[in-house]
Amino acid sequence: MTETQTKTSSPEFRAAAGAMDGLREDLFRHVFAYRPLPPLSPEGRFIRRLPDGPKRAVVWAPHALVLFAAFLVMMAGFSEWEYRFLMGVVPAIPVAMTLIRPVAAFWASMVATVFCGILGSDGLWGPSAFMAQVVVLVVVAARTRPRTAAWMWLLTLFFGMLLEGGEPSITAPVVTLSAFALLVVAVVQIRRDAEREVTVQRTVTAVERDRRTLLEERTTIARELHDVVAHHMSVVAIQAEAAPYRVENPPPELEQAFVTIRENAVAALTELRRVLGVVRAEDYEAPDAPQPTLAALDGLLDNVRETGLETEKVITGAVRELPQGVELSAYRIVQEALSNSLRHAPGASARVELGYVLGGLGLRVVNGPPRGLVKPSPGAGHGITGMRERVAMLNGEMTAQATDDGGYEVAVFLPVPLSEQPERPESGGAAGGNADTVVIDRDGRA
């Protein structure tokens with residue numbers, strides 16, 4: 001039939017043609033295809049709990065069950081008075097064939113039924129043929145799909161009625177028992193496929209959610225860094241424009257150099273805004289104030305204390321000014337860690353530790369276990385992802401894990417090369433003092 005005829009035919013005719021195509025696909029094409037029954041997965045729900053020795057044996061349980069069924073079929077055939085060997089072995093062969101060639105085993109079972117019906121004294125469905133046909137239908141249906149099981153059941157019905165002269169009562173026990181067995185197999189298969197599909201969808205959803213979370217965090221970091229870099233580029237452009245006026249009668253070469261510096265700074269700022277414009281949300285408004293640094297950490301801790309979280313800040317090493325990107329990332333990490341403490345450990349206390357070392361900044365935020373009657377609220381999983389993105393951007397290291405007392409700890413190290421560290425001011429004070437340790441209590445007093 002041509003494609004045009006198929007399109008113009010009636011729906012009933014197309015349904016019948018599709019059914020016949022399904023029959024040919026399931027039971028006639030690749031009849032002798034080699035499809036060995038695989039062992040069970042050792043990572044199954046129950047098998048993975050077994051010791052290694054029994055586990056290696058249990059994975060072959062389906063093969064053992066099929067061979068045991070073949071043995072029972074053979075024993076049933078031996079109960080015949082005549083041709084007991086053939087009446088037992090011939091029906092048992094198709095049962096064993098289901099392990100390697102399931103579709104061929106179904107047709108072999110049909111041939112074995114005719115063979116036993118001719119030699120036996122119990123008619124078409126003797127004990128061995130009866131058992132063999134039911135076992136083959138169940139095993140083949142379990143190894144294929146529900147549509148194949150339906151075709152095999154219908155063929156068994158027509159086959160039995162044809163050989164018995166149209167009398168359905170003789171074939172009725174076989175088709176009735178096999179119908180119930182195939183129904184159970186089909187339900188199990190449908191449920192298994194549904195569970196597999198749900199698992200796949202959950203995996204895809206989790207991957208997409210993690211990817212979306214990662215992109216959101218990277219977008220947030222890009223926006224903040226844009227504000228930082230834009231501020232510095234603007235300062236460079238302004239200083240380059242004002243520098244020639246600070247020198248009396250500057251040479252033309254110097255004026256031209258400052259003009260070039262200003263033009264490059266403005267061009268870089270324009271390109272930066274153009275590129276970062278694609279990651280800004282439509283309702284995003286750039287902050288009027290500069291991005292926060294570690295100098296604003298006390299204000300953050302005061303706000304957190306007002307919400308009921310007891311906090312303590314400990315500073316070790318000589319406090320100094322760090323690159324603005326490092327200070328911004330450190331501030332955001334502390335902010336997110338404290339937010340997680342409020343969300344996941346209500347009633348607990350938190351401790352923020354800053355360690356200024358020669359090679360960078362060490363940061364540690366640890367909270368105790370939740371206390372009180374307030375239940376922890378689940379989060380979206382953005383916090384840890386955002387922290388890791390900021391640390392990875394600065395080539396740092398981070399660990400986030402539960403503590404022995406039921407709390408949680410976030411430890412970060414942000415490296416700062418000596419060439420990137422701002423020079424210390426010559427005067428004393430917090431920025432350039434020599435104090436090794438500064439402890440801030442829960443009330444914010446040194």
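Me: What does contact mean here?
Reply: The model is a predicted one. In it, two residues are in contact when they have heavy atoms within 4.5 Å.

Me: Which residues is Val140 in contact with, leaving aside its neighbours within four places in sequence?
Reply: Val140 lies in helix H7. With its neighbours within four places in sequence left aside, the contacts of Val140 are Thr98, Pro102 and Met152.

Me: Is Val140 buried or exposed?
Reply: Buried means under 20% relative accessible area. Val140 has 1% relative accessibility, so Val140 counts as buried.

Me: What distance separates the C-alpha atoms of Val140 and Leu182?
Reply: Along the chain, Val140 and Leu182 are 42 residues apart.

Me: How far does helix H7 reach from its first C-alpha to its last?
Reply: Helix H7 covers residues 127–143, which is 17 residues. At 1.5 Å a residue, 24 Å is expected. The computed reach is close to that, at 24 Å.

Me: Which residues of H7 are buried?
Reply: An α-helix has 3.6 residues a turn, so residues three or four places apart point the same way. In H7, the buried residues are Ser128, Ala129, Ala132, Gln133, Val134, Val136, Leu137, Val139, Val140 and Ala141.

Me: What is the relative accessible area of Gln133?
Reply: Gln133 is found in helix H7. Leaving out residues up to four places away in sequence, Gln133 touches Phe106, Ser109, Met110, Thr113, Trp125, Thr156 and Val174. Gln133 is buried, and its relative accessible area is 0%.

Me: Where is Ser341, and is Ser341 buried or exposed?
Reply: Ser341 is found in helix H12, residues 324–344. Residues up to four places away in sequence aside, Ser341 touches Leu309, Pro346 and Asn367. Its relative accessibility is 2%, under the 20% limit, so Ser341 counts as buried.

Me: Which helix gives the most to the nonpolar patch?
Reply: Phe68, Phe71, Leu72, Met75 and Met131 make a nonpolar surface patch of about 430 Å². The helix that gives the most, with 4 residues, spans residues 61–77 and is H4.

Me: Is Leu72 buried, exposed or partly exposed?
Reply: Leu72 has its place in helix H4. Leu72 has a relative accessible area of 35%, so Leu72 is partly exposed.

Me: Which residue in E5 stands opposite Gly362?
Reply: Strand E3 (residues 360–367) and strand E5 (residues 408–415) run antiparallel and are joined by 8 bridges. Strand E4 (residues 397–402) also runs antiparallel to E5, with 6 bridges. Glu397 stands opposite Phe413 in E5. The residue in E5 opposite Gly362 is Phe413.

Me: Which residue in the turn of the E4 and E5 hairpin has a positive phi?
Reply: The hairpin formed by E4 and E5 has 5 residues between the strands. The phi in question is about 95°, and the residue is Gly406.

Me: How many helices and strands are there in the chain?
Reply: The chain has 446 residues, of which 34% count as buried. Among contacts between residues at least 6 apart in sequence, 71% join residues at least 24 apart. The chain contains 13 helices and 6 strands.

Note on methods. Residues are numbered from 1 along each chain as its sequence is written. This is a predicted model: local features need pLDDT of at least 70, side-chain atom pairs count only at pLDDT 80 or more; totals for chains, interfaces and linings use all residues. Side-chain values use heavy atoms; hydrogens and water are left out. Helices (H or I, at least four residues) and strands (E, at least two) are DSSP runs, numbered from the N terminus. Buried means under 20% relative accessible area, exposed over 50%, partly exposed in between (1.4 Å probe, protein chains only). Patches are made of residues with over 30% relative accessible area and no salt bridge: like charges are joined within 9 Å, nonpolar side chains (Val, Leu, Ile, Met, Phe, Trp, Tyr) within 5 Å. Accessible areas come from the Shrake-Rupley method with a 1.4 Å probe; for residues, only the protein chains shown count as cover. A salt bridge is a side-chain nitrogen of Lys or Arg within 4 Å of a carboxyl oxygen of Asp or Glu. The expected span of a helix is 1.5 Å times one less than its number of residues. Two strands pair if DSSP finds at least two bridges between them.
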